[in-house]
Amino acid sequence: MNLTLKIWRQKDANDKGRLVEYKVTDISEHMSFLEMMDVLNEQLINKGDEPVAFDHDCREGICGMCSMYINGEAHGPDKGVTTCQLHMRMFKDGDTIYIEPFRANAFPVVKDLVVDRSSFDRIQQAGGYISVNTSGNTQDANATPISKIAADQAMDAATCIGCGACVATCKNSSAMLFVSAKVSQYALLPQGQVEATDRVLNMVAQMDAEGFGNCTNTGACEVECPKGISLENIARMNREYMKASSQG
Ligand code: SF4
Ligand code: FES
């Protein structure tokens with residue numbers, strides 16, 4: 001298929017940026033969206049032009065790097081997939097596709113489609129971990145009984161890949177779905193209880209310090225999340241936060 005692409009080009013954080021039109025031809029419907037972008041970049045490099053900068057790594061829906069809006073939707077028109085898993089069969093010959101970076105104050109544009117999501121790393125560093133005794137007397141994880149329900153819910157929360165689509169989709173640029181998934185995956189397990197109070201207070205404080213907006217329960221994040229992270233995690237994080245605040 002032949003397509004017209006309108007892509008956000010921005011030299012660096014200080015550049016104002018603009019949409020630039022490109023044409024790509026002979027795109028197979030079996031290609032992934034990023035493979036289509038590779039075709040464009042090869043074309044640009046062959047002409048001596050600067051290729052479009054975009055983030056990617058695993059190209060199999062695991063790393064959460066491939067952030068971009070495609071026709072105004074984070075990760076594009078398909079449901080439950082990241083941009084790297086999106087296939088060109090979702091588009092029609094002759095389509096015009098708008099491709100832009102995620103827009104949120106806490107995700108400043110670095111170049112073209114690349115945004116700085118290190119704010120997520122700093123939230124993780126504020127409490128998204130457990131401390132384990134590695135002295136050689138470490139207890140076998142299987143020695144701690146965990147109910148099937150708790151294990152399943154913790155695993156579901158742990159599937160968050162930190163892609164930022166929830167933030168990009170939310171009209172408030174709220175990071176509550178991401179942070180609540182990270183809080184929940186530990187709150188549901190006995191290993192997470194030791195640092196539970198500090199974890200939720202510190203992660204929420206860091207989330208606020210990074211400039212993410214507040215949650216107003218629109219639920220847009222859950223709809224666009226490629227990993228199906230549930231809003232129930234936000235409710236759980238709010239309960240954890242209330243509990244921790246009363247203990248502090
Ligand atoms: S909650 Fe979903 S949309 Fe948000 S960062 Fe995690 S995987 Fe991405
Ligand atoms: S490149 Fe890793 S999730 Fe898309």
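A residue counts as buried if 20 or more other C-beta atoms lie within 10 Å of its own, as exposed if 12 or fewer do, and as partly exposed in between, with C-beta atoms placed from the backbone. The structure is a predicted model, in which local features need pLDDT of at least 70 and side-chain atom pairs count only at pLDDT 80 or more, while totals for chains, interfaces and linings use all residues. Residues are numbered from 1 along each chain as its sequence is written, and chains are lettered from A and ligands numbered from 1 in the order in which they are written.

**Exercise 1. Determine whether E195 is buried, exposed or partly exposed, and state which residues it contacts.**

Solution. Step one is to locate the residue: E195 lies in the loop between α5 and α6. Helices (H or I, at least four residues) and strands (E, at least two) are DSSP runs, numbered from the N terminus. Step two is the count: E195 has 15 C-beta neighbours inside 10 Å, and therefore it is partly exposed. Step three concerns contacts, where two residues are in contact if their C-beta atoms, placed from the backbone, lie within 7 Å. With neighbours within four places in sequence left aside, E195 is in contact with G127, I130 and S131. The C-alpha atoms of E195 and I130 are 7.1 Å apart, although 65 residues separate the two in sequence.

**Exercise 2. State how far apart the C-alpha atoms of D198 and E29 are.**

Solution. D198 belongs to helix α6 (residues 196-209). This residue is partly exposed, because 13 other C-beta atoms lie within 10 Å.

**Exercise 3. Describe the overall dimensions and the domains of the protein.**

Solution. The C-alpha trace spans about 60 × 35 × 35 Å along its principal axes. Of the 248 residues, 36% count as buried, and the secondary structure comes to 8 helices and 7 strands. The domain assignment, whose bounds come from an automatic or database source, gives domain 1 (3-111) and domain 2 (118-247). Their C-alpha centres lie 29 Å apart. At the boundary, 18 residues of domain 1 are in contact with 16 residues of domain 2. On the side of domain 1 that touches domain 2, the residues divide into 9 nonpolar, 7 polar and 2 charged. Here Ala, Val, Leu, Ile, Met, Phe, Trp, Tyr, Cys and Pro count as nonpolar, Asp, Glu, Lys and Arg as charged, and the others, Gly among them, as polar.

**Exercise 4. Give the strand order of the open sheet of 5 strands and identify its edges.**

Solution. Two strands pair if DSSP finds at least two bridges between them. The order is β2-β1-β5-β3-β4, with mixed pairing. The edges are β2 (18-24) and β4 (73-74); each has a single partner strand, so one side of each is left without a neighbour in the sheet. Next come the individual pairs. β1 and β2 are antiparallel over 7 bridges, and R9 stands opposite R18 in β2. Strand β3 (residues 69-70) and strand β5 (residues 96-100) are also antiparallel, over 2 bridges, with E100 in β5 as the bridge partner of Y69. Finally, the cover of β2 can be examined: among its 7 residues, the count of buried residues is 0.

**Exercise 5. Find where R59 and H75 lie, and state what their phi angles are.**

Solution. Most residues other than glycine have a negative phi. R59, which is not a glycine, has a positive phi of about 55° and is placed in the loop between α1 and β3. With 16 other C-beta atoms within 10 Å, R59 is partly exposed. H75, likewise not a glycine, has a positive phi of about 65° and is placed in the loop between β4 and β5. H75 has 28 C-beta neighbours inside 10 Å and therefore counts as buried.

**Exercise 6. Characterise the shell of residues around ligand 1.**

Solution. A residue is near a molecule if its C-beta atom, placed from the backbone, lies within 6 Å of it. The shell has 14 residues, of which C160, C163, A165, C166 and C225 come nearest. By helix, α4 (165-169) and α5 (176-187) each supply at least two residues, and α5 gives the largest share, 3 residues. By type, the shell divides into 11 nonpolar, 2 polar and 1 charged.
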